[in-house]
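Here are my notes on the model, point by point. Please keep the structure open while you read.

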Amino acid sequence: MGRRADCSRERESGENVGKWIACKERFPETGRRVIVVDKDSLFLTGCYIDYNDGEGGRWIIDGEEDYTVKEIAAWMYLPAPPAWLRRN
């Protein structure tokens, strides 16, 4: 599509990790990397981008704009990395 997407926003402390949020309720903040599940129950990571262009947002999965808002069922925030990794 020629648009550049930035999925670099990381998890912030205090977010409700481990709770699925239906896309019909709300979408994550633009650019926030999250875990998603599509309509076929496939788990992926990606981010939601709202281009504010009147066409609706898109899901960026593996750096590709390959999912529409209707194809993703739910999302959740990424958990923090294991404590033993954070010590290094």
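1. Terms and ground rules. Buried means under 20% relative accessible area, exposed means over 50%, and partly exposed is in between (1.4 Å probe, protein chains only). Areas come from the Shrake-Rupley method with a 1.4 Å probe, and for residues only the protein chains shown count as cover. This is a predicted model, in which local features need pLDDT of at least 70, side-chain atom pairs count only at pLDDT 80 or more, and totals for chains, interfaces and linings use all residues. Residues are numbered from 1 along each chain as its sequence is written, and side-chain values use heavy atoms, with hydrogens and water left out.

2. Overall layout. The protein chain has 1 helix and 6 strands. Read from the N terminus, the order is β-β-β-β-β-β-α. Helices (H or I, at least four residues) and strands (E, at least two) are DSSP runs, numbered from the N terminus. Of the 88 residues in the chain, 35% are buried.

3. The negative patch. Asp62, Glu64, Asp66 and Glu71 gather on the surface as a patch of negative charge. Patch members have over 30% relative accessible area and no salt bridge; like charges are joined within 9 Å, and nonpolar side chains (Val, Leu, Ile, Met, Phe, Trp, Tyr) within 5 Å. Lys and Arg count as positive, Asp and Glu as negative; His and the chain ends are not counted. Each charge is placed at NZ of Lys, CZ of Arg, CG of Asp or CD of Glu. Take aspartate 66 as one of the members. Aspartate 66 sits in strand 5 (residues 64–68). Aspartate 66 counts as partly exposed because its relative accessibility is 37%.

4. The salt bridge. How many salt bridges does a search of the whole structure find? The search finds 1. The term means a side-chain nitrogen of Lys or Arg within 4 Å of a carboxyl oxygen of Asp or Glu. Side chains of opposite charge can pair when their charged atoms come close. Here the partners are arginine 32 and glutamate 29, at 3.8 Å, N to O. Arginine 32 counts as buried because its relative accessibility is 1%. Glutamate 29 is partly exposed, with a relative accessible area of 30%. Glutamate 29 belongs to the loop between strand 1 (21–22) and strand 2. Its C-alpha is 8.8 Å from that of aspartate 50, although the two are 21 residues apart in sequence.

5. Aspartate 38 lies in strand 2 (residues 33–38). Aspartate 38 is buried but has no salt bridge. Lysine 39 is the nearest side chain of opposite charge, 9.3 Å away. Which backbone nitrogen does the side chain of aspartate 38 reach at 2.9 Å? That of aspartate 40. The backbone nitrogen of leucine 42 also lies 2.9 Å from a polar atom of this side chain. A polar contact is a pair of N or O atoms within 3.5 Å; within protein, one must be able to donate a hydrogen and the other to accept it, and residues adjacent in sequence count only if both atoms are side-chain atoms.

6. Serine 41. Please check the backbone here. Phi of serine 41 is near 70 degrees, a positive value in a residue other than glycine. Most residues other than glycine have a negative phi, and most peptide bonds are trans. Serine 41 is in the loop between strand 2 and strand 3 (43–49). Serine 41 is exposed because its relative accessible area is 53%.

7. Contacts across the sequence. Glycine 46 lies in strand 3. Glycine 46 is buried, at 0% relative accessible area. Its C-alpha is 5.7 Å from that of valine 34, 12 residues apart along the chain. Valine 37 is in strand 2. Valine 37 is buried, at 12% relative accessibility. Valine 37 and tryptophan 20 are 17 residues apart in sequence and 9.2 Å apart, C-alpha to C-alpha. Lysine 19 falls in the segment before strand 1. Lysine 19 counts as partly exposed, at 41% relative accessibility.
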